[in-house]
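Me: Please take a close look at one chain of this model. I would like its overall build, then its domains, then its strands.

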Amino acid sequence: MKLERIVKTFYDSLEEGKIMGRRCKRCGAVEFPPVLCCNSCSGTEMEWVEMSGKAKMTDFVLPGILSAKPENEDLMPYSLACVELEEGPRFNTIVCGVARRNKAKLLNELPVPVKARIVQRNGYKIVIFDLAVE
Amino acid sequence: MVKLGSYSRSVSIIGVGCTPFMYTLDTPETDGLTEGELFGYAALDAMQDAGVEAKDIDFYFHGQASPKMGSDYLTPNMQVADWFGMRGKGSIHHSEACCTGYLALDQAVNAVASGKFDIVLSGCVEMADSLPVPGMPAHFRKKFSMEEFLATTVWIYDRAYTRPFLSGPVIVFDDAAALYAKENKLSESQIDDVLNAMSINNRRNAAKAPLALCRKEYKDLAAEAGFGDVMDYMRSPHNPKMGEYLRVSGMELKCDGAAAVIVCPTEMASRFKQKPVKVLGIGNAAFEGSQVHLETRGTQEAVRQVYELTKVRPEEIDLFYANDFIITSHLISAEIAGYLPKGEGWKYIMEGRTAYDGDKPINTNGGRTSFGHAHAASGLADLYEAVKQMRGQCGERQVKRLPRTTMLRGFGGGQNLSATILRTAD
């Protein structure tokens with residue numbers, strides 16, 4: 001096991017247009033966002049692997065007064081969503097293109113396909129998601 | 001999968017103490033109270049309840065969610081000892097945000113169960129309605145607005161990914177409500193009414209709880225505002241939506257307060273003043289804010305552990321508490337624990353069956369939306385209420401059937417989950 005800068009590598013990779021996770025060499029589970037070791041089997045031998053960006057939105061809510069942050073206004077409309085990557089990991093993120101007008105339709109169709117997009121924030125890039133089919 | 005081991009020796013609660021939950025700055029009688037006085041009062045209240053004195057206590061735990069911001073302390077256990085006669089005795093501070101008070105019991109029980117100490121006090125304090133004034137003595141404090149507080153809640157979330165990923169710190173307001181509505185096919189207006197009914201029930205309970213922060217019932221507030229039907233009031237701009245589902249009435253009322261508990265080996269417990277309440281077990285889980293449906297998953301795991309250890313069956317639970325700083329917690333955790341039937345709990349709530357005078361009482365003190373939320377202290381305030389209910393000492397809010405077995409579900413701190421089972425000692 002080696003001591004390495006995983007967070008920095010992740011964000012540096014986004015600058016190069018790559019979304020990176022880490023795969024466990026023992027059980028094959030992928031950690032995204034990437035961390036030191038495997039949360040599925042406790043394995044410590046991990047390798048960097050590029051994510052395809054394909055995913056599905058499994059649940060979502062719309063932002064309200066408390067949860068719609070002004071600094072994210074450029075991304076509106078969006079949902080606060082649970083997303084599952086094609087490679088397996090699930091996490092909370094945002095999915096753009098979700099609004100009150102298409103909420104009922106999307107709720108009926110869950111899980112719906114989404115695709116990753118790298119966007120610029122103030123001083124760093126992050127991954128968000130868009131509906132794969134409008 | 002975690003399998004809890006049995007305690008090396010059984011541990012029981014012999015004393016509980018609690019201050020009123022309050023806005024100390026708002027009344028002349030309480031303006032100027034300090035952390036030491038609040039913690040000390042709760043600790044001494046617990047000692048009087050048990051019939052012990054500070055010289056009898058071997059060790060104490062101190063909980064506070066945000067000691068640097070709220071008290072300008074890094075080692076807050078050191079600053080309270082003298083206030084309740086514990087000068088020179090050992091102590092440890094711990095901090096798990098809104099779950100602190102629930103885990104305060106866990107710490108004390110483990111310390112006694114291990115055999116290291118016989119009598120341990122565990123207390124928590126939070127002055128969440130005000131902030132210290134830099135450079136001034138402790139009785140100088142200034143108001144701490146909800147807006148300022150909300151800006152600090154991000155501190156319980158991971159800086160590497162959860163905060164930059166934009167969702168984890170805020171999805172929590174509505175995630176559990178959305179999931180419950182989806183799984184049980186409730187419409188938007190139905191889930192809205194269920195959340196409102198929980199707020200109404202909590203307030204009915206608090207109205208009978210002398211230590212509660214907010215005791216005016218929603219039906220009276222509705223009448224004052226000219227509404228004939230309380231539910232019309234709850235759906236109105238008097239109770240605005242703050243999230244997609246969460247309304248103001250379903251949010252915590254942050255405030256000031258402290259609470260404490262004293263535990264000892266069950267074999268010693270009958271020597272003291274009160275009927276002992278045994279701690280059968282405490283299950284624990286934790287999921288960071290980036291993890292999906294973390295409250296549901298964490299509660300399932302904590303509940304699984306404690307049921308497996310104690311062999312208690314869900315139908316044996318007589319009384320239930322949930323840290324409901326987001327009101328939905330109250331429903332979903334009671335269903336996960338099997339206290340309310342899965343998918344049917346919302347009907348119990350709508351029918352008022354979960355209020356103090358119902359057959360499935362929940363949060364008989366009013367919970368976080370009415371009793372108040374002095375963040376670290378809330379879990380021990382719930383424990384105070386549970387123990388008093390189990391002794392039959394709650395006066396007009398005493399539940400109909402004397403509870404023998406109680407579960408408390410802790411939640412908080414980006415996010416810890418716990419499930420505690422108490423049983424009246426034979």
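Reply: A compact globule of 134 residues would have a radius of gyration near 14 Å, and chain A has 16 Å, which agrees. That radius is taken over C-alpha atoms, and the globule rule is 2.2 Å times the number of residues to the power 0.38. The C-alpha trace of chain A spans about 50 × 35 × 25 Å along its principal axes.

This is a predicted model: local features need pLDDT of at least 70, side-chain atom pairs count only at pLDDT 80 or more, and totals for chains, interfaces and linings use all residues. Residues are numbered from 1 along each chain as its sequence is written, while chains are lettered from A and ligands numbered from 1 in the order in which they are written.

Of the 134 residues of chain A, 28% count as buried. Buried means that 20 or more other C-beta atoms lie within 10 Å of the residue's own, exposed means 12 or fewer, and partly exposed is in between; the C-beta atoms are placed from the backbone. Now the contacts in chain A between residues at least 6 apart in sequence: 48% of them join residues at least 24 apart. A contact needs C-beta atoms, placed from the backbone, within 7 Å.

Chain A has two helices and eight strands. Their order from the N terminus is α-β-β-β-β-β-β-α-β-β. Helices (H or I, at least four residues) and strands (E, at least two) are DSSP runs, numbered from the N terminus.

Next, the domains. Chain A is assigned domain 1 (6-50) and domain 2 (54-131). These bounds come from an automatic or database domain assignment. The C-alpha centres of the two domains of chain A lie 22 Å apart. Ten residues of domain 1 of chain A are in contact with nine residues of domain 2 of chain A. On the domain 1 side, helix 1 (6-15) and strand 2 (30-31) of chain A are the elements that give two or more residues. Helix 1 of chain A gives the most to that side, with three residues. By class, this side of domain 1 of chain A has six nonpolar, two polar and two charged residues. Ala, Val, Leu, Ile, Met, Phe, Trp, Tyr, Cys and Pro count as nonpolar, Asp, Glu, Lys and Arg as charged, and the others, Gly among them, as polar.

Now the strands. An open sheet of three strands in chain A has the order 2-1-3, with antiparallel pairing. Strand 2 and strand 3 (46-50) of chain A are at the edges with a single partner strand each, so one side of each has no neighbour in the sheet. Strands pair if DSSP finds at least two bridges between them. Strand 1 (residues 20-24) and strand 2 of chain A are antiparallel, with two bridges. R23(A) has V30(A) in strand 2 of chain A as its bridge partner.

Strand 5 (residues 78-85) of chain A has seven of its eight residues buried, so it is largely enclosed by the rest of the structure. Six bridges join strand 5 of chain A to strand 4 (residues 54-61) of chain A, in the antiparallel sense. There A55(A) stands opposite L85(A). Seven bridges join strand 5 of chain A to strand 6 (residues 90-96) of chain A, again antiparallel. Here Y78(A) stands opposite C96(A). The hairpin of strand 5 and strand 6 of chain A has four residues between the strands, and G88(A) takes a positive phi near 120 degrees.

Conventions:
Contact = placed C-beta atoms within 7 Å.
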